[in-house]
Structures are given as C-alpha cells and as structure tokens.
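Dear colleague,

Please find the structure below, handed over for your own work. My notes on it follow directly after.

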Amino acid sequence: MAVHMELAQKGEEMAARYLEEKGYTILHRNWRHAHLEIDLIAYHEPVLHFIEVKLRSSNKFLPEKSVSKKKFRHLLKAADEFLYRHPQYRHIQFDIMAITLGREPGLFFIEDVYL
C-alpha cells in the first residue's frame with residue numbers, strides 16, 4: 001500500500017477512536033457511491049455526522065485548509081445519496097477531523113461545517 005494511503009487509513013482510525021471515546025457510533029468507514037466517498041459516517045443522538053478526515057504528517061500546513069469547495073460539494077452529493085437510501089435520519093451535519101502528526105501532534109474536530 002502507498003505511504004499516503006497508509007497515512008490516510010491511520011488518520012481515519014485515529015478519528016474513529018476519538019469519536020467513539022466521545023460517545024459517537026461509527027456507522028460506516030469509507031462509504032462510497034460511484035466516485036464519491038465519505039470518510040466516516042457517525043451517529044451521536046440525535047444527529048447523523050458526515051465527517052471528512054484530513055491528516056498531515058507535519059505542522060507546516062493545516063489539514064483543514066485542504067478541504068476545498070469542490071471536495072465539500074462531493075461530500076454533499078455523497079450525503080444526498082446516503083440519505084436517499086437511509087431516509088430515517090432527520091438531523092445531519094458535516095464535520096472535519098483535522099489531524100497533525102508533526103512535532104506537536106494534534107487532533108481538531110470542527111463541527112457543523114458548511115462551505
């Protein structure tokens with residue numbers, strides 16, 4: 001597996017563990033529809049969360065800055081399809097989990113994002 005794929009997988013695992021510790025239930029990891037993907041779909045009563053995970057191996061760049069408007073539109077389209085298939089969810093939000101592994105590792109959960 002390529003190094004960047006291993007890092008992405010590590011970031012998603014860290015994010016899932018963090019969310020589970022906070023009482024979230026992870027419903028799906030890497031949920032796909034066509035070419036679209038949602039990194040994590042989690043439920044925390046009463047809200048369904050669509051979470052984009054971004055990881056950087058250094059503190060040089062902020063991971064959350066790499067979520068572009070185009071990426072967010074793709075996340076919205078994928079979420080629309082998920083909700084079409086699972087209409088029982090009424091309350092949703094979009095979140096970003098920003099993880100940095102540099103000299104000062106950190107995990108920053110940005111809730112209720114809309115670009």
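D112 is exposed, with a relative accessible area of 55%; the classes used here are buried for under 20% relative accessible area, exposed for over 50%, and partly exposed in between, with a 1.4 Å probe and protein chains only. The model is predicted, so local features need pLDDT of at least 70 and side-chain atom pairs count only at pLDDT 80 or more, while totals for chains, interfaces and linings use all residues. Residues are numbered from 1 along each chain as its sequence is written, and side-chain values use heavy atoms, with hydrogens and water left out.

D112 sits in the segment after β5 (106–110); helices (H or I, at least four residues) and strands (E, at least two) are DSSP runs numbered from the N terminus. Although D112 is not a glycine, it has a positive phi of about 55°. N30, in strand β1 (residues 25–33), is likewise not a glycine and has a positive phi of about 55°. N30 counts as partly exposed, at 31% relative accessibility.

The backbone nitrogen of D112 lies 2.8 Å from a polar side-chain atom of D95. D95 belongs to strand β4 (residues 92–100). D95 is buried yet has no salt bridge, and K22, the nearest side chain of opposite charge, is 14 Å away. A salt bridge here requires a side-chain nitrogen of Lys or Arg within 4 Å of a carboxyl oxygen of Asp or Glu; Lys and Arg count as positive and Asp and Glu as negative, with His and the chain ends not counted. The D95 side chain does make a polar contact with the side chain of Q93, at 2.9 Å. Such a contact is a pair of N or O atoms within 3.5 Å; within protein, one must be able to donate a hydrogen and the other to accept it, and residues adjacent in sequence count only if both atoms are side-chain atoms.

The largest nonpolar core has 15 residues, and W31, I38, I41, F50, F82 and F94 have the most contacts inside it. A nonpolar core is a set of buried Ala, Val, Leu, Ile, Met, Phe, Trp, Tyr and Cys residues joined through side-chain atoms within 4.5 Å. Two or more residues come from each of β2 (36–44), β3 (47–56), α2 (69–85) and β4, with α2 giving the most, five residues. A second, separate core of 13 residues includes A16, I26, V53 and I99.

Finally, the peptide bond from E45 to P46 is cis, with omega near 0°; P46 is in the loop between β2 and β3.

With kind regards
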